[in-house]
Amino acid sequence: GKLDSETTVNFDAMKPGLLPKPWKVGVTAGPLSENKAEPYYTGPVSSNWEVVADADARSKPNVLKTSGFAPYRLCVLADTNFRDGYVEVRGKAISGKMDNSIGLVFRYRDANNYYAVRTNALEKDLGMYRVVGGKRTPIAHGPEGDMVIPPGEWLTLRVEFFGTRNVTYLNGKIIFRVWEEPYIPFTIPSGAVGLWVKGDSVTVFDNFKYGISTSRLKKAEVE
């Protein structure tokens with residue numbers, strides 16, 4: 001699909017400390033594991049996101065760092081709103097006993113309605129989810145235990161999304177293609193793009209990029 005615009009946010013012109021506008025922090029409720037029978041976690045949550053100086057930043061001097069504890073933690077660029085395009089980030093998962101993740105959000109309407117894709121260094125896999133009304137549904141999954149997702153190393157995560165089709169890349173390699181059309185019971189929304197982690201993951205991000213398209217991707221381009 002043809003891109004109409006591309007934007008990069010590297011956090012380097014931002015003052016270290018709290019995250020400036022128009023970035024917006026949120027939390028999505030849910031169970032703490034993939035067990036569908038597990039009840040939603042209702043305990044205390046925290047979702048901390050701040051610009052910090054980091055000698056290992058991909059573009060120096062700053063990164064965006066997140067820590068805290070919640071089923072799902074988000075940070076979105078609230079002044080974005082588009083249906084088709086791409087979003088990409090450099091990410092490094094530092095620690096986490098429950099989850100060790102690098103994630104992206106797209107088509108974000110609010111903290112209970114969006115798409116997300118994330119790596120998990122603990123399970124060595126990559127998954128994509130659709131969240132509607134606060135309920136998370138897996139729609140794609142990389143081979144569990146078979147992927148090289150080393151914690152403590154910078155990775156590049158990218159997803160291109162056009163209508164009911166999307167393609168996810170890790171370090172430039174296609175991991176999976178998704179075609180939702182036969183299954184989707186609702187209209188594909190437009191929304192914001194941003195970042196997403198799970199559980200207790202401590203993660204840093206740099207070089208957040210997104211591109212907006214008003215054209216449509218041909219079916220052959222994702223097959």
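Accessible areas here come from the Shrake-Rupley method with a 1.4 Å probe. On that basis, the accessible surface of the protein comes to about 10,100 Å², and carbon and sulfur atoms account for 52% of that surface. The model is predicted. Its mean pLDDT is 87, with 88% of the residues at 70 or more. Residues 217-223 are a stretch where the pLDDT is below 50; beyond near neighbours in sequence, this stretch has 10 contacts in the model.

The secondary structure consists of 15 strands and 0 helices. Of the 223 residues, 53% count as buried. The contacts reach across the sequence: among those between residues at least 6 apart, 68% join residues at least 24 apart.

The largest nonpolar core holds 39 residues. Within this core, the members that touch the most other members are Trp23, Leu64, Val87, Leu104, Leu195 and Phe208.

In one of them, the side chains of glutamate 88 and arginine 158 meet at 2.8 Å, N to O. Glutamate 88 lies in strand E6 (residues 84-95) and arginine 158 in strand E11 (residues 155-162), so this pair ties together parts that are 70 residues apart in sequence. Which class of exposure does glutamate 88 fall into, buried or exposed? Buried means under 20% relative accessible area, and glutamate 88 has a relative accessible area of 14%, so glutamate 88 is buried.

Arginine 158 also forms a salt bridge with glutamate 160, where the closest N and O atoms are 3.0 Å apart. Elsewhere, salt bridges that share partners join Asp56, Arg58 and Lys92 into one network. Another salt bridge links aspartate 125 with arginine 118, the closest N and O atoms being 3.6 Å apart. Both aspartate 125 and arginine 118 are buried.

Definitions and conventions
Residues are numbered from 1 along each chain as its sequence is written. This is a predicted model: local features need pLDDT of at least 70, side-chain atom pairs count only at pLDDT 80 or more; totals for chains, interfaces and linings use all residues. Side-chain values use heavy atoms; hydrogens and water are left out. A nonpolar core is a set of buried Ala, Val, Leu, Ile, Met, Phe, Trp, Tyr and Cys residues joined through side-chain atoms within 4.5 Å. Buried means under 20% relative accessible area, exposed over 50%, partly exposed in between (1.4 Å probe, protein chains only). A salt bridge is a side-chain nitrogen of Lys or Arg within 4 Å of a carboxyl oxygen of Asp or Glu. Helices (H or I, at least four residues) and strands (E, at least two) are DSSP runs, numbered from the N terminus. Contact means heavy atoms within 4.5 Å. pLDDT is the predictor's confidence in each residue, from 0 to 100.
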